[in-house]
There are 2 protein chains.
Amino acid sequence: MNQAIGVFDSGIGGLTVVREIIHRLPEEQIIYFGDTARVPYGSKSRETINKFAFESVRFLLSRRVKMIVIACNTVSAVSLESLRQSFHIPILGVLEPGAAAAVATGAQRVGVIGTEATIKSGAYERAIRRLDPKVEVIGRSCPLFVPLAEENWLLRPATRLIAEEYLDPLKEAEIGALVLGCTHYPLLKPVISETIGHKVILVDSAVETALAVQSALDSLNLGKEEGERAPHRFYLSDIPPRFGEIGQRFLGEAIDHLMKLSIDD
Amino acid sequence: MNQAIGVFDSGIGGLTVVREIIHRLPEEQIIYFGDTARVPYGSKSRETINKFAFESVRFLLSRRVKMIVIACNTVSAVSLESLRQSFHIPILGVLEPGAAAAVATGAQRVGVIGTEATIKSGAYERAIRRLDPKVEVIGRSCPLFVPLAEENWLLRPATRLIAEEYLDPLKEAEIGALVLGCTHYPLLKPVISETIGHKVILVDSAVETALAVQSALDSLNLGKEEGERAPHRFYLSDIPPRFGEIGQRFLGEAIDHLMKLSIDD
């Protein structure tokens, strides 16, 4: 099918997932929606997160996408089930691929870091224990990691101190693998790995999700047919002042075909 | 007049302004709107900030308030002028009272810290130099201060390091006064004062704004008449999970009469 893959996120963090999908499936067109006018979602209520998620899916459906990827851990944790019950289109989250990869490491004790809403939902724990009930899951919310990543404070002394504060309990628990349960966190991989110890395997949901998208396209026979690919399109509910710089850092390439969209109108 | 004073903010930071108004004008009823579903504004575009500000004012007008206080530096910096041109009701921002207080300190070099949108707007600099063109104004955006205040990381080592990074250029410039140009920053007063040096006078817009509200009520003859005060009302576009704890910390007392409001419906 030549329709695009729809990807949405609370903001621009989901561009790290788009980057991996483009890398793995360069022939597929991506239509992205980032709700930058209302970002972040991670400290907001389930009710509000659900409302915003439904609006994003309805927008992507209006663009006639063939599949929807929730490139946001918070929305995947809170809203995936009700979205799947409400819309007749394949919907993938970042959470199940991340959980599967965590179990595949063979670690008997797995740490999960994410936003408050993600950790509070317990969704990673449920997804991991559905695959292997013997695995012990320890969650920890790291609310300052998102602003640090957006500020590009990736290796500063303050960032190290904050990482220690968040990760020391996981280190003491001697986890074998750590799920980076927020799309911003891969940017902080070096400081996270250094703090938690290089023996702990870091699970990057973005990479795992791209693999899951490929496998879903194959099994549903939805892959791109022959012919030229249409350009990727990026819709944002706000174009923040520093978007050019931040967006490029997250996507790994310059962003063309950028449009502003008032989703609440 | 027995109508309420309407106060709005991008979220809950404006409760620090409400606290000062209640303290100074205990007989006045407050109707507060906090746009917690779309907070923060400080990293968003002028266009989006204006749109949100107009929606907030329209909501408060529907509650028949007699005066509107913008308890948000970002909105005061970006939208005050266009709001005043569009609505026929007295509108006060936090910026002019803060600027006047900074000039009143007699400092010849004044620092201003705030969100990206506030600092980028140059509004504090214009307001201060309109009062005294000889004053030199040095602005600095401190994007990590808001999440630190919301996390209640007020005196941790990481907070000190971040404060040094932000404030060292202002310290080197030997400012005589520093405007806390964001309603979250008063919570960080101890670490800010310690970092910048106790000789530098900190200007807290919340206190100055409460004084300006009192003076405007008097001069416009809008003060409360005799009779019992109606209870304060707090409307939020999202009730975040930790609102009880955070809201109380900002307001300084428990919040009764709290209601959720979908402003974009």
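In chain B, helix α1 (residues 15–24) packs against helix α10 (residues 205–220) at an angle of about 45°, with the two axes 8 Å apart. The angle makes α1(B) oblique to α10(B), since angles under 35 degrees count as roughly parallel, over 145 as roughly antiparallel, 65 to 115 as roughly perpendicular and the rest as oblique. This is a predicted model, in which local features need pLDDT of at least 70, side-chain atom pairs count only at pLDDT 80 or more, and totals for chains, interfaces and linings use all residues. Residues are numbered from 1 along each chain as its sequence is written, while chains are lettered from A and ligands numbered from 1 in the order in which they are written.

- Helices (H or I, at least four residues) and strands (E, at least two) are DSSP runs, numbered from the N terminus.
- Axes are lines fitted to C-alpha atoms, for helices over the stretch in contact, and angles run from 0 to 180 degrees between N-to-C directions.
- The crossing of α1(B) and α10(B) is right-handed; a crossing is right-handed if the near helix is turned clockwise from the far one by less than a right angle, and left-handed if anticlockwise.
- From α1(B), the residues in the contact are B:Thr16, B:Val17, B:Glu20, B:Ile21, B:His23 and B:Arg24.
- They meet B:Ala206, B:Val207, B:Thr209, B:Ala210, B:Leu211, B:Val213 and B:Gln214 of α10(B), where two residues are in contact if their C-beta atoms, placed from the backbone, lie within 7 Å.
- By class, the contact of α1(B) with α10(B) has seven nonpolar, four polar and two charged residues.
- Ala, Val, Leu, Ile, Met, Phe, Trp, Tyr, Cys and Pro count as nonpolar, Asp, Glu, Lys and Arg as charged, and the others, Gly among them, as polar.

- A:Pro97, A:Gly98 and A:Ala101 of α4(A) meet A:Ser205, A:Glu208, A:Thr209, A:Leu211 and A:Ala212 of α10(A).
- The contact of α4(A) with α10(A) holds four nonpolar, three polar and one charged residue.
- In chain B, helix α4 (residues 95–104) and α10(B) pack at an angle of about 105°, and their axes are 8 Å apart; α4(B) is therefore roughly perpendicular to α10(B).
- The α4(B) side of this contact is B:Pro97, B:Gly98 and B:Ala101, and the α10(B) side is B:Ser205, B:Glu208, B:Thr209, B:Leu211 and B:Ala212.

**The two domains of chain A**

- The domain assignment, which is automatic or from a database, divides chain A into domain 1 (5–93 + 207–260) and domain 2 (96–205).
- The C-alpha centres of these two domains of chain A lie 22 Å apart.
- In chain A, 24 residues of domain 1 are in contact with 23 residues of domain 2.
- On the side of domain 1 that touches domain 2, α1 (15–24), α3 (73–86) and α10 (205–219) of chain A give two or more residues each.
- The most come from α10(A), with five residues.
- That side of domain 1 has twelve nonpolar, nine polar and three charged residues.

**How chains A and B meet**

- 21 residues of chain A are in contact with 22 residues of chain B.
- α5 (116–121) and α8 (157–172) of chain A each supply at least two residues of the side that touches chain B, and α8(A) has the largest share, four residues.
- The side of chain A that touches chain B has eleven nonpolar, three polar and seven charged residues.
- A rotation of 180° with 0.0 Å of shift along its axis superposes chain A on chain B, with RMSD 0.0 Å; the superposition is by least squares on the C-alpha atoms of residues with pLDDT of at least 70 in both.
- The two copies are thus related as by a two-fold rotation axis.
- In chain A, the C-alpha nearest the axis is that of A:Arg38, 2.1 Å from it.
- The copies meet through the same surface, because 100% of the interface residues of chain A are also interface residues in chain B.

**Backbone details**

- A cis peptide bond with omega of about -5° joins A:Val39 and A:Pro40, and A:Pro40 is in the loop between β2 (30–34) and α2 (46–62) of chain A.
- In chain B, the peptide bond from B:Val39 to B:Pro40 is cis, with omega near -5°.
- A:His257 is not a glycine, although its phi is positive, about 55°.
- A:His257 is in the loop between α11 (243–251) and β10 (258–260) of chain A.
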